[in-house]
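Dear colleague,

Please find the structure below, handed over for your records. My findings follow it.

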Amino acid sequence: MEENLDKCLEEIHQLPNVIGVMYADRQGLCLGAKGHASNESAGIITAIADQAAKIEPNSKPPVVLLESETKQCFIQKADTVTAAIYKTNVTS
Amino acid sequence: MGCCYSCKEDNNSQSGDVNERTHLLVDPVSNINVIQRVHSDDFIAQYPNSLPKKSDEQSALNRILQETATNVIDVAALDSHNLEQHEYLERMRQYTQRLGAMGANVNTRWTGNSSAGGAGGSGTLLAPSAMGGPSTSPSGRMHLCLLTDIPAPEKVLAEDHPNPEDLILISNALEKASKALSDLKVEHREDLVVPFRIP
């Protein structure tokens, strides 16, 4: 039954510049990880997304961008799932 | 044999010595008409410190006023503190010197393993050139340092981040994932509760 979720992971992973994708559920448990993403980071990614959403409780959940010299990590949460996408940093 | 009572008059008790025979109570009959008249000036002279003099009051008030004036900080009257250029440079030099003296301690993790950890965590979440790399805390443990200062943070922060396409990308990813999650459900195969059949 997790086929569709795996398909989503695969689709995102195939996109240009994407090196990793990870989904986590509301409790921070990893639902799926592909590429550079590690399933161990599911908890902290969920926590980051939760805390960031508290900054403006009345707006929709924000996108958190963590950036290093070579990589970027986008994190956003929805009602039931939190997603993290790792990309290579094209601007540097 | 002993004696219970003696009628010998006791004249020694009135001479001023206090002994076991001095009268504790004054004879009420003989003293009732004796009213002590004390002149008020004598009274004042007897207690010179209890009445505050006029000049003392004034000096006390002045003293209180002075203390309050030194202790109170008048915020409204404060002048705007404009730093001169040379003062600014001087301070910058002093601060960088002190930070340099702290050395590697500035980069230790915030977990509180080091005593100087409070000064750490500087900079932004952008961690370029010096990204990662181990550093040693005073306790001797090796920590991976994720945050370091970058020389020109305003340049990096002013860039147009993030790409709008990336935002769309992650929103789409989330939508698809939410939809796919609805496929995950519990499949009922066997009953959890089974009746025991005891023949």
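In this predicted model, 30 residues of chain A are in contact with 24 residues of chain B, where contact means heavy atoms within 4.5 Å. The size of an interface is often given as the accessible area lost when the parts come together. Here the two chains bury about 2300 Å² between them, 71% of it on carbon and sulfur atoms; buried area is the accessible area (1.4 Å probe) that two parts lose on being put together, summed over both. The rule finds two salt bridges across the interface of chain A and chain B, a salt bridge being a side-chain nitrogen of Lys or Arg within 4 Å of a carboxyl oxygen of Asp or Glu. In a salt bridge between Lys87(A) and Asp166(B), the N to O distance is 2.4 Å.

As to conventions, residues are numbered from 1 along each chain as its sequence is written, with chains lettered from A and ligands numbered from 1 in the order in which they are written. Local features need pLDDT of at least 70, side-chain atom pairs count only at pLDDT 80 or more, and totals for chains, interfaces and linings use all residues, while side-chain values use heavy atoms, with hydrogens and water left out.

Chain A has two helices and five strands, in the order α-β-β-α-β-β-β. Helices (H or I, at least four residues) and strands (E, at least two) are DSSP runs, numbered from the N terminus. Of its 92 residues, 40% are buried, that is, under 20% relative accessible area, with exposed over 50% and partly exposed in between (1.4 Å probe, protein chains only).

Chain B contains six helices and two strands, arranged as α-α-α-α-β-β-α-α from the N terminus. Buried residues make up 12% of its 199 residues.

Helix H4 of chain B covers residues 85-102 and reaches 26 Å from its first C-alpha to its last, close to the 26 Å expected at 1.5 Å a residue; the expected span is 1.5 Å times one less than the number of residues. Gly103(B), with a positive phi near 65 degrees, follows H4(B). Leu89(B) lies in this helix and counts as partly exposed because its relative accessibility is 42%. Together with Leu83(B), Tyr88(B) and Met92(B), Leu89(B) makes a nonpolar surface patch of about 370 Å². Such patches join nonpolar side chains (Val, Leu, Ile, Met, Phe, Trp, Tyr) within 5 Å, from residues with over 30% relative accessible area and no salt bridge; accessible areas come from the Shrake-Rupley method with a 1.4 Å probe, and for residues only the protein chains shown count as cover.

Yours sincerely

Technical notes:
Patches are made of residues with over 30% relative accessible area and no salt bridge: like charges are joined within 9 Å, nonpolar side chains (Val, Leu, Ile, Met, Phe, Trp, Tyr) within 5 Å.
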